[in-house]
Amino acid sequence: MIIERIPAGIYATNCYILTCEETYECAIIDPAGSANDIFNYIKENDFIPKYIILTHGHADHIGAVEELRSKFNLKVLIHKDDEYMLKNANYNLSAHMSGPNIEFNSDETFEDGQTIKLGNLEVLLIHTPGHTKGSSCILVENMLFSGDTLFANSIGRTDLEGGSFEDIIKSIKEKLIILDENIKVLPGHGPASTIGIEKATNPFVK
């Protein structure tokens with residue numbers, strides 16, 4: 001497994017390129033912007049893009065989707081409860097930001113517990129509502145891409161479209177903190193952590 005982090009967009013969203021090192025198939029997680037940097041990294045390494053996987057539908061995580069979809073033959077996936085956000089600039093909040101309105105359709109939606117194959121990797125999609133209705137995390141072996149659900153020593157905000165403080169706490173306690181403590185947490189913003197560190201020190205979890 002190869003993981004590359006590319007900070008993207010005006011909010012420095014962590015876009016990750018996840019690649020199976022045996023087959024070179026890759027998935028782009030939350031391409032917020034910097035489409036050329038993402039495109040060049042994939043082409044320079046001869047990777048084969050299969051999916052764009054979105055952890056949720058907010059504008060700061062989806063800004064480069066259409067440009068990358070036009071360059072690559074891949075599918076855009078999002079949890080079914082956030083699909084509506086992609087189609088409406090007011091719901092995904094791009095209408096309230098400085099850039100252009102963002103509106104597009106996903107290719108497929110997924111549900112909690114669904115798995116997809118990425119080369120020889122098994123990708124588990126975990127529905128963790130709270131930041132948005134369809135917020136999700138992505139677990140691959142010992143790596144958890146936590147989107148805007150769980151951050152290092154913090155959690156995602158819940159005052160935006162689809163947010164619920166009660167739901168995000170429930171998601172984190174019932175679906176994430178129960179995972180192996182050695183699993184690395186790769187969030188949508190900020191530095192990495194581990195499940196063990198967050199279980200012990202995160203003030204929203206303790």
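The legends below describe close-up views of a predicted model. Local features need pLDDT of at least 70 and side-chain atom pairs count only at pLDDT 80 or more, while totals for chains, interfaces and linings use all residues. Residues are numbered from 1 along each chain as its sequence is written, and side-chain values use heavy atoms, with hydrogens and water left out.

**View 1. The annotated domain, residues 12–189.** An unreviewed UniProt entry gives this span as "domain: Metallo-beta-lactamase"; such annotations may be inferred rather than shown by experiment. Its end C-alpha atoms are 7 Å apart, and the span is 19% helix and 31% strand (DSSP runs of H or I, at least four residues, and of E, at least two, numbered from the N terminus).

**View 2. The hairpin of β7 and β8.** Strands β7 (residues 115–118) and β8 (residues 121–127) run antiparallel, joined by four bridges (pairing requires at least two DSSP bridges). K117 stands opposite E122 in β8. Two residues separate the strands, and G119 in the turn has a positive phi of about 60°.

View 3. E25 is buried but has no salt bridge (a Lys or Arg side-chain nitrogen within 4 Å of an Asp or Glu carboxyl oxygen); K50, the nearest side chain of opposite charge, is 4.2 Å away. A polar atom of the E25 side chain lies 2.8 Å from the backbone nitrogen of G119. Beyond neighbours within four places in sequence, contacts of E25 (heavy atoms within 4.5 Å) include L118 and G119.

Technical notes: Buried < 20%, exposed > 50% of the residue type's maximum accessible area, 1.4 Å probe, protein only. Lys, Arg positive; Asp, Glu negative; His and termini not counted. Polar contact = N/O pair within 3.5 Å; in protein donor to acceptor, adjacent residues only side chain to side chain.
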